[in-house]
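Trainee: Please show me the model, and then let us go through some of the terms used to describe it.

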Amino acid sequence: MESAYTQANKELEKIRQKNAELQNIRHNEALMKAPNLGEIEADLMKQGTRLLSCVLKKCEDFEDIKKNIQSLQKEKTELLLKNGFAEDFLDDIYSCEKCRDTGFVDGRRCDCLKKLVSKYIGENSNLTEYMREQTFEKFDFSLFANQGENTATTLKIMQKVCEKAIDFAEKFDLTHENFLIMGNAGTGKTFITSCIGNRALERGKTVYYQTAFRLFEILENSRFNKGDDDSAELVKYAYDVDLLIVDDLGTEFTTQFTLAALFDIINSRIISGKSTVISTNLGFEELSNLYSQRITSRFVGNYQLLQTSGKDLREILRKRNI
Ligand SMILES: [Zn+2]
């Protein structure tokens, strides 16, 4: 997969092409209505070349050529107006006037390029549109208010989980921390991972979200070069991305190969100081049974545990929506 920056530059190139085509269409339209325009433009070109060589040779008729050019430009404008065109009808067309679609102003990235890069970073994150909406600001603690005698404890736990998750999302690139989010189904693990992902994206970090199920499919496909052709590039992205999120570990179909591949990703990311968030419905014992000792010991030593709590929120949400 190409980097967001390369993708953004390609889109800028398309914008430049589209504008050049539009300019061409306008030019032909003007020439149809005002054939003299061609002559004036040819003259302008000639005078322009003369002016340039005059500057280089420091000749005396510099001022005369300049006047010629000015009067030709005036003639051109009048011709346009006479034929019902706006006077800037043939001017260069730019989608961004600030950088003239180059993407740079004074050697710095223009806002338009920054916006495109962040758009592609968002798209490459693989967070669905629905998940992109899930932010810490929208974390609804009232969902945890119906837990009977456990309400106070659950609320306290979830507030702590939320605090830790915010803290992590704000500075994982400095702390190089990793999170293992454990908890029963429907206790908000995916919501929290989405929140973390979105905060990281807001900070301009690259994020790659994938369910464990799909990640293992991708790993398997990349091994045999089957399935979608993107598999190999997605695997590379899983190694390189600033923040990797693997959701719902334990639901996937594993083979010796995929387990080894997962271990390599987890291990490489730890070594290179890149953070990973993994969520699972399983407990440590189940994890150890399902995965090798090598993998679980990496979790224990290098991952912070976040334990969610409470009843299945999906049931509460369903009732609320009725
Ligand atoms: Zn710009």
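**Helix packing and a strand**

Mentor: Helix α6 (residues 151-175) packs with helix α7 (residues 189-202) at an angle of about 30 degrees, and their axes are 9 Å apart. This is a predicted model: local features need pLDDT of at least 70, side-chain atom pairs count only at pLDDT 80 or more, and totals for chains, interfaces and linings use all residues. Residues are numbered from 1 along each chain as its sequence is written.

Trainee: Why is α6 called roughly parallel to α7?

Mentor: Angles under 35 degrees count as roughly parallel. The angle here is about 30 degrees, so α6 is roughly parallel to α7.

Trainee: Which residues make the contact of α6 with α7?

Mentor: On α6 they are V161, A165, F168, A169 and E170, and on α7 I192, C195, I196, R199 and A200. Two residues are in contact if their C-beta atoms, placed from the backbone, lie within 7 Å.

Trainee: What makes strand β5 (residues 243-249) mostly covered?

Mentor: A residue is buried if 20 or more other C-beta atoms lie within 10 Å of its own. In β5, seven of seven residues are buried.

Trainee: How do you know that β4 and β5 pair?

Mentor: Pairing requires that DSSP finds at least two bridges between two strands. Five bridges join strand β4 (residues 207-211) to β5, and the two run parallel. In one of these bridges, Y208 has L244 of β5 as its partner.

Notes
Axes are lines fitted to C-alpha atoms, for helices over the stretch in contact, and angles run from 0 to 180 degrees between N-to-C directions. Helices (H or I, at least four residues) and strands (E, at least two) are DSSP runs, numbered from the N terminus. Angles under 35 degrees count as roughly parallel, over 145 as roughly antiparallel, 65 to 115 as roughly perpendicular and the rest as oblique. A residue is buried if 20 or more other C-beta atoms lie within 10 Å of its own, exposed if 12 or fewer, and partly exposed in between; C-beta atoms are placed from the backbone.
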